[in-house]
Amino acid sequence: MRFLLIEDNQALASAVMDRLGLDGHVVDLAGDLATAWDFTATTDYDLILLDIMLPDGDGRSFLARHREAKSRTPVIVLTARSEVSDRVGMLDLGADDYMVKPIDFSELEARCRAVLRRQGGAARNVISFGNLEFDSLAGTLKIDQRETKLRTRELRLFEVFINAPNQIFSKPKLVDRLFSYDEEASENAIEVYVGRLRRHLAGTDVAITTVRGLGYKLEQL
């Protein structure tokens, strides 16, 4: 998944990015609201982590404008304010969840997973497609009782495909979903990861097919 972290505390931001990066998520960091708007204008995010107190304004103004624009990207607010009225106010503005600082990183990961499941309409981590089961939390593909553990990039790429079966993804789009602005990446890397996933899918009735001139899609054969 690709996350946007809007946080001006560099120490906290680095810790959050490192922790989410271990799970294979791509995280872009915006240290102020202006940068956050620049990012959201050019990139589609799966989840936004939003601090409230920022150098150029209040994160609640971002949240309100985000919802006014009819964006469906979920938002988890990170706040030092523990009063019930503050939390209720943020939820009423459109926050999907909130966490009070200091943050427990295991809880943050769990809340991210829960929000993303709700966003996708799923009650659990396992998705069935064709004769395979994909467990995004365990990072495994299960095919006729045979279980395969996916590496981090393979896992995140397969998440993109299985959450939108039959949708065509161009190579530039997949690069955008798998790599942050700070990482060097090429479309050749996408070919490598697609090739690895295809080997894992051998023997299933599911395939990643090439749509000439357009990109790739996951489909049931």
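**Pockets and nonpolar cores of the predicted model**

Helix α5 (105-120) contributes the largest share of the lining of the largest pocket, namely seven residues. The structure is a predicted model, in which local features need pLDDT of at least 70 and side-chain atom pairs count only at pLDDT 80 or more, whereas totals for chains, interfaces and linings use all residues. Residues are numbered from 1 along each chain as its sequence is written, and side-chain values use heavy atoms, with hydrogens and water left out.

The largest pocket holds about 1,200 Å³ of space. A pocket is an open set of points on a 1 Å grid over the protein atoms alone, where a 1.4 Å probe fits, with protein on both sides within 12 Å along at least five of seven lines; lining residues have an atom within 4 Å of a point. Grid points are joined across faces, edges and corners, and the volume is the space filled by probe spheres set on them. Among the 50 lining residues of the largest pocket, M1, D46, L116, N163 and R177 are the closest to its centre. Two or more lining residues come from each of α1 (10-22), α2 (33-42), α3 (59-68), α5, α6 (152-162) and α7 (171-178); helices (H or I, at least four residues) and strands (E, at least two) are DSSP runs numbered from the N terminus.

The second largest pocket has a volume of about 150 Å³. Its lining includes M17, D18, G21, R153 and E183. At least two residues each are supplied by α1, β2 (26-30) and α6, with α1 giving the most, three residues.

The largest nonpolar core comprises 28 residues, of which L132, F158 and L218 touch the most other members. Such a core is a set of buried Ala, Val, Leu, Ile, Met, Phe, Trp, Tyr and Cys residues joined through side-chain atoms within 4.5 Å, buried meaning under 20% relative accessible area (1.4 Å probe, protein chains only). Helix α6 provides the largest share of this core, six residues. Beyond its neighbours within four places in sequence, L132 is in contact (heavy atoms within 4.5 Å) with residues including I127, L141, F158, I162 and V206. Apart from this core lies another, of 18 residues, among them A13, L78, I103 and C112.

F129 lies in strand β8 (residues 126-129) and is buried, with a relative accessible area of 15%.

Conventions. Buried < 20%, exposed > 50% of the residue type's maximum accessible area, 1.4 Å probe, protein only.
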